Amino acid sequence: MTGILAASSGIFSKAVLTSLVAGGIVAGLPLMFTALGETISERAGVLNLGLEGMMLLGAYLGFIGAYYGHSSWLGFALGAVGGMLGASLMVSLCVWLGLDQIVVGIAITLAGEGITSVLQGAEFGSTYPRLGSPSAVAIPLLDKIPVLGASVFTQPLLAYLGIAFAGALVWVFRRTNVGLNLRAAGEKPEALDAAGISVLATRSWAVLSTGALAGLGGAYLSIVAAGVFTPFMTQGQGYMAIVIAMLCRGRPLWVVVGSILFGISLSITTALQIAGINISNDLVQMLPFIAIIVSLMAFGRRSYLPPALCIPYVRGAR
Amino acid sequence: MNDQPVPQSARSEPAELAAASDQTPAVELLGIGKSFPGVVANDDISLVLRRGEVHCLLGENGAGKSTLMAILAGMQQPDSGRIRVAGEDVRISSPRAALALGIGTVYQHSTLIGALSVIENLLLGDSRALRLDVAGARQRLAEFSAILGVQVDPDTRARDLALGGQQQVEIIKALWRGSRVLILDEPTSMLTPQAVHELQSVLERLTQHGLAVVFITHKLHEAVALGDRISVLRAGRLTGAIDREQIKASTPEQLEAAIVRLMFGDALDTDEEIAELQLGVEGHRRTRQADAEVALSLEHAHARGDGSQPGIEDVSLTLHLGEVLGIAGVDGNGQRALAEVISGQRRLTHGEIRFLGAPVGSLSIAAREKLGLRYVTDDRLGEGIVGAMPVSLNLVLKRIGQAPYWRHGRIRRDAIDRDARALVERFDIRTPGIHARAATLSGGNIQKVLLARELSFDAKVVAFHKPTYGLDVRTTRTVRRMIGELRNGRAALVISTDLDELLEVSDRIAVLSRGRIVGEVENGPGAAEQVGRLMISDVSLGAAPLPEPLAGRV
Amino acid sequence: MTESLSLAAEAAGVLDAQPDRPGGGSPRSRRVNALRDAMMRSLVPVLLALVAGGVLLLVLGDNPFAFYGNIWQYGISQGSWEDSAMRAAPLLLIAVGLIVVFRANIWNLGYDGQFLLGAALITGVAPHLERLPNALSLVILFAVAMAAGGAWTIIPALLKARYQTNEIITTLMMSFIGIGVANILVKGPFQDPTVNIPQTRVIPFDHMLPPIPGTRIHAGVLVALGVALLAHYVLTRTSFGLRLHVLGANPRAAAHMGVDVRGLIVRAFLISGALVGAAAAADILGVWGYVRANWNPAYGDTVIPFVFLARLNPLAVIPFIIFFAVLSTGGDLAAAQANLSTDFLLVLVALILLFMTVIEFLGRRRDLGGSYLTPGLRAALRQPLVRRRAGAASSNEASR
């Protein structure tokens, strides 16, 4: 049996499948972090169109941290900070002042794209220094499984932590006051206010966490997935994360699965190359977006957005 | 002397019975004043809330009751005056502070979160701990249910509860952290007579436990039926109070006369007007002179609901020229679906709708409007007007593209302005100018804009949905008069949750329950009871007693 | 409850019928005041952004005065103004396309994909029309680009009209797909067989848009100006324009008034996409003549703030577009000179947007209304991806 498998080349060979799954995870993790962050925000009633900008800020600052600090963990931390910087604009303008979430989101994205490009040019000129691959942690025993062992169970530590975080988020949403308050802020902020809890504080923390997670996702992208920072490198992944959050109806574990699926469609080029299948890169890069439109047409009707999404909260106004 | 608020927030202690009449008042309001730009909402108001007593705040819409209540609940800050709780001066700076002082509020519009379960709603904001204490909450809920004498399922989603059940949960939530005072804002506005009866018994049990209850309403007969003490507000001032002894000593008619005097005082010119208002309270009889011609008919009409609101099923109605047909029912039983089926905003999935004999089911909103079939929506701000646009444009918004306001696709503002001025005059719309933004008008004037738009340009059949909801008394009378005027060669359909209103204006009243017409009643003596009975006929109560009419207490 | 003033209503109010404002004064002086107010609110964000941008330049080690001076030099003087004018053509057309759809509360964020598809198709179809008279081929090519842009809005339009699917996401997704398809076309069937670089065939100069006599500026600029004027008329004087306006200010009221909401949504989208396609036509047939692979000038992103600053008014947006065209043309060269990434302009645009929202907030606090955005544009995202549920309880008159 193994002989047959080993002998077969083409699309189902071990190398291809491994590449597919590994690529899916590597590409999916930035999406996952960002989408988990967006889940928190949306649950609380804030829509974050600035995710793309926050990811880029995280990607650039994260890269700088890893490059000059010689430590990917420093990079990850700095990346989270970068994302939070972008999010703080959202907090101050949208949550506190009640300004339009969509316009500020667009501004954050443009600012993120512009600033990181300018800074990259100022810092590195036209060179694009690379980072070495960060150390992967192989889970003993499990890493011997064919295909999955080399892909799923041999990833940087942050990957496992991220997935564990998703699980923790489930608990937070369901069984803690924090989760209940977030839900109330998104469904009916007047009720939260009447219960004596600050809607603004709740939403502020939510948005800042989103920023941190998006920055972390961006840092993961530049440090782990690509090993380099290029301007506009997120190529729409911030928006993908928003869609994943919407389609997965605010459930963290579904977000993990969805992110990996989209990650597979993002990274499928490499796997196809290994399989010897030559498809235009452009076509392949369109796949995730086509997948999104198709899922929106098929399942979009059943996805869920909290009623108070995008409405700034002002006490006493009706 | 027991000073325990009811029930305790310390989780392990059982509820305590407090002496029904405590010497220290639960809350004292002294000289409260509050103004907003352009209006004095509260002017030097002083009142006392005593434990074990249901204190009713009575006044028409705009009298200042809700502002006062908002101040008590911590939503607003008074400009002047003092507040004392249990004898101590306090500042109620936020809803949180109010809760900490033991003041719980049940608002008119539900603050429950529909998507959350009952237990989640109760847990919201209850503690600072990270984990939710679900088991503890379940136990407390059981205790409260016992005290109130009701049954509440902790795991039902709030939006799946009946309106009476939602209110019970809101009361429990208001008392959750241990309260001395319960504020109820217009609690009966959405209830069936049966549910009002249940509320009455809940309040009795709560006052027995020593709670001070404040009850805000604009309905005379409820104040008389439920209140131990009645304070009357008018134009921001406290015009008078009626205490327990006086209530016990007077007949219902005397009470109502006294209250009406306090509520309207010298605004009413003659005894006749007072009598008319009183009659309006009890129910009005009218004789109908119906023509044979059918103005509007629905035959076995079905329409889908949306979200949590039901649609209509197998509805058949006939409205003749020259008559006013009322549609009664508890809110949320298909009224909106019915209204929108008539206006054209919703499609019939089954059945027919005819206007003056001709089927109009496939006609667009604009086409029906042109034929003279009109709809005055209850959602004035949400769909009735475009707030950002001037009054003049709002008056012609249902005729976009039509002459004389548009010629060759081009707008003719002078024609619009000319007709707008005429309509503003005819309908007495108070506005700084015809170009003022519609949203700046008061509720009553916005309603007049809607009426001006729908009743002019050859209206033949007009459907009204909650036409006087939230309006002051003057405008309410004007609107009801206009409805009555449609009897001259035209017809009106009035969908309302206010039974008093329907009894005053309708010739016949049909009752809508769960999307079906469950019966029809000729307006006249005894109509109120019959309609009330029909409204609850759908609910399977077995051998439940009939609700007592809220005509007064002995 | 206070409703912030609809941007569209404000726009209509400033330039034609004047809504009454609190406070006295003759109608004429009120109108002058309102105009002055609007100008302040529109110019201050731009000035603030330029200042903040200057600070950023200092931090990066560049001289802001030199930079802005270069912008003037490369953007206006010595004939550069003609380049700026030509840059303004696609910007203006896209701006008008956005105005049409924003007035109806619809976020068409798919302009990049619509633009590039139009551009690619023009260069692909043009060689087949070489034997036709110039005027005819130009018209056909414009039509092709407009059809492409409009067609690319159909899926988001239908999804929104029927299922209230959030169009921000759908148009963005279609945009990415459109960019990809355009690239595939450029590298594939439309590839210029005579060169090695991935780009389309070049349209010969005499088949491009003719220049305005006496200048280098191509006629596309006149087309853009004409479209802006026409759009202004339609949006402010016709019944179609009012329907769009009502839909934008209050979609539920629009339905209540009998407006065909679904049809209007689709029509607004199609017009918007067509105008973006026209922008592509103006740019390709006026300036470039070919499309290179992976080219994306991303005009739409940079135009958005000016559309709002102009309060969604097609006439008022013209000076803003001219300003940005100069900034953009001069800025490209000034940035190259200062060894700075040209994406610095994106930062300036973002700053303008941010300052605009803050000024709006301050303005709103000062008086009732004056918001830059229609309340409905905000509400556009409120409609969930699910079929609309029963709306929240209407804002009933709060009894006092």
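Biologist: Thanks! Into which domains is chain B divided?

Modeller: Chain B has domain 1 (27–249), domain 2 (288–372 + 459–554) and domain 3 (383–457), with bounds from an automatic or database domain assignment. This is a predicted model, where local features need pLDDT of at least 70, side-chain atom pairs count only at pLDDT 80 or more, and totals for chains, interfaces and linings use all residues. Residues are numbered from 1 along each chain as its sequence is written, while chains are lettered from A and ligands numbered from 1 in the order in which they are written.

Biologist: What makes domain 2 of chain B and domain 3 of chain B count as in contact?

Modeller: Two residues are in contact if their C-beta atoms, placed from the backbone, lie within 7 Å. Nine residues of domain 2 of chain B meet that test with nine residues of domain 3 of chain B. Helix 17 (residues 473–485) of chain B supplies the largest share of the domain 2 side, three residues; helices are DSSP runs (H or I, at least four residues), numbered from the N terminus.

Biologist: Why is Ser84(C) called buried?

Modeller: A residue is buried if 20 or more other C-beta atoms lie within 10 Å of its own. Ser84(C) has 21, so Ser84(C) is buried. This residue lies in helix 4 (residues 80–102) of chain C. Leaving aside neighbours within four places in sequence, Ser84(C) is in contact with Gly75(C), Ile76(C), Ala325(C), Val326(C) and Thr329(C).

How values were computed
Helices (H or I, at least four residues) and strands (E, at least two) are DSSP runs, numbered from the N terminus. A residue is buried if 20 or more other C-beta atoms lie within 10 Å of its own, exposed if 12 or fewer, and partly exposed in between; C-beta atoms are placed from the backbone.
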